[in-house]
Amino acid sequence: MPPAVGDTRPEFTALYCDGETFRERKAHDLLDDGGVLVFAGFAFNAINENWWKQYARTGWDEFDVPVVPVVRDGPYAVNAFLRDIDVPFDAVADVEGTVADAYDLLVEREGMAGTRTARRSVFVVDETGDIQFRWLADDWISPVPREEIEDAVAGLA
């Protein structure tokens, strides 16, 4: 079961991509002052592109904590995606699905022959590592509850 509000976020180590380079980072380094983890399936798809452009337009890059997408692609693809959509976010390349697995989010993708990706979800984490907000999608296309997420981030201050 994915961690709930009040639980401590799982620890992970993953490749952190900035659009040009990538390096291994631990969760506590990425989320030292809190943050927002946004899990999605794969980087390159029209729906994911649309979401990240919307997050940039609505000022999520101006939060006092980082917003970190977690996608099931390699670091070269993630960096290419970040450059292609030109948004002010870095991302985690969850190549083997270990981050999604730590959060118990891996689900089978219908019509993709045994491929498992993270269930769409958002976790707002405070500076102590406690989850302050959680949203789990029931499908691949519904919008995230932006106002609730923004309120949860505002509550971190």
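Colleague: Which residues do ring pairs link into a cluster here?
Modeller: Trp52, Tyr55, Trp60, Phe63 and Phe89 are linked into a cluster by ring pairs. Rings of Phe, Tyr and Trp (for Trp, its six-membered ring) pair if their centres lie within 6.5 Å; planes under 30 degrees apart count as stacked, over 60 as edge-to-face and the rest as tilted.

Colleague: Before we go on, what kind of model is this?
Modeller: This is a predicted model, in which local features need pLDDT of at least 70, side-chain atom pairs count only at pLDDT 80 or more, and totals for chains, interfaces and linings use all residues. Residues are numbered from 1 along each chain as its sequence is written, and side-chain values use heavy atoms, with hydrogens and water left out.

Colleague: What is the mean pLDDT of the protein?
Modeller: The mean is 90, and 94% of the residues reach 70 or more. pLDDT is the predictor's confidence in each residue, from 0 to 100.

Colleague: Where is confidence lowest, and where is it highest?
Modeller: The lowest is strand S7 (residues 116-118), with a mean of 68, and the highest is strand S9 (residues 131-136), at 97. Strands (E, at least two residues) and helices (H or I, at least four) are DSSP runs, numbered from the N terminus.

Colleague: Back to the rings. How many aromatic pairs are there?
Modeller: The rule gives 9 aromatic pairs. In one of them, the ring centres of Phe39 and Phe123 are 6.0 Å apart and the planes stand at 85 degrees, so the pair is edge-to-face.

Colleague: Where do those two lie?
Modeller: Phe39 is in strand S3 and Phe123 in strand S8, so the pair ties together parts that are 84 residues apart in sequence.

Colleague: Are Phe39 and Phe123 buried or exposed?
Modeller: Both Phe39 and Phe123 are buried. Buried means under 20% relative accessible area, exposed means over 50%, and partly exposed is in between (1.4 Å probe, protein chains only).

Colleague: What about the rings of Tyr55 and Trp60?
Modeller: Their centres are 4.3 Å apart and their planes at 5 degrees, so that pair is stacked. Tyr55 and Trp60 are both buried too.

Colleague: Which residues of helix H2 are buried?
Modeller: Asn48, Trp51, Trp52 and Tyr55 are the buried ones in H2. Looking down the axis of H2, these fall within an arc of 90 degrees, so they line one face of the helix. The arc is that of the directions from the helix axis to the C-beta atoms. On the other side of H2, Ala46 and Arg57 are exposed.

Colleague: What covers the buried residues of H2?
Modeller: The cover includes S3, strand S4 (67-71), H3 and H5. Contact here means heavy atoms within 4.5 Å.

Colleague: How many residues does H2 have, and how far does it reach?
Modeller: H2 (residues 46-57) has 12 residues and spans 16 Å from its first C-alpha to its last, close to the 16 Å expected. The expected span is 1.5 Å times one less than the number of residues. Just after H2, Gly59 takes a positive phi of about 85 degrees.

Colleague: And helix H5, which residues are buried there?
Modeller: In H5 (residues 146-154) they are Ile149, Ala152 and Val153. Seen down the axis of H5, they fall within an arc of 100 degrees, so they line one face. Glu147, Asp151 and Ala154 are exposed on the face turned away from the buried side. Strand S3 (35-39), strand S8 (121-125) and S9 are among what covers the buried residues of H5.

Colleague: How do S8 and S9 run?
Modeller: S8 and S9 run antiparallel, joined by 5 bridges. Two strands pair if DSSP finds at least two bridges between them. Val124 has Phe133 in S9 as its bridge partner. S8 and S9 form a hairpin with 5 residues between them, and Gly129 in the turn has a positive phi of about 95 degrees.
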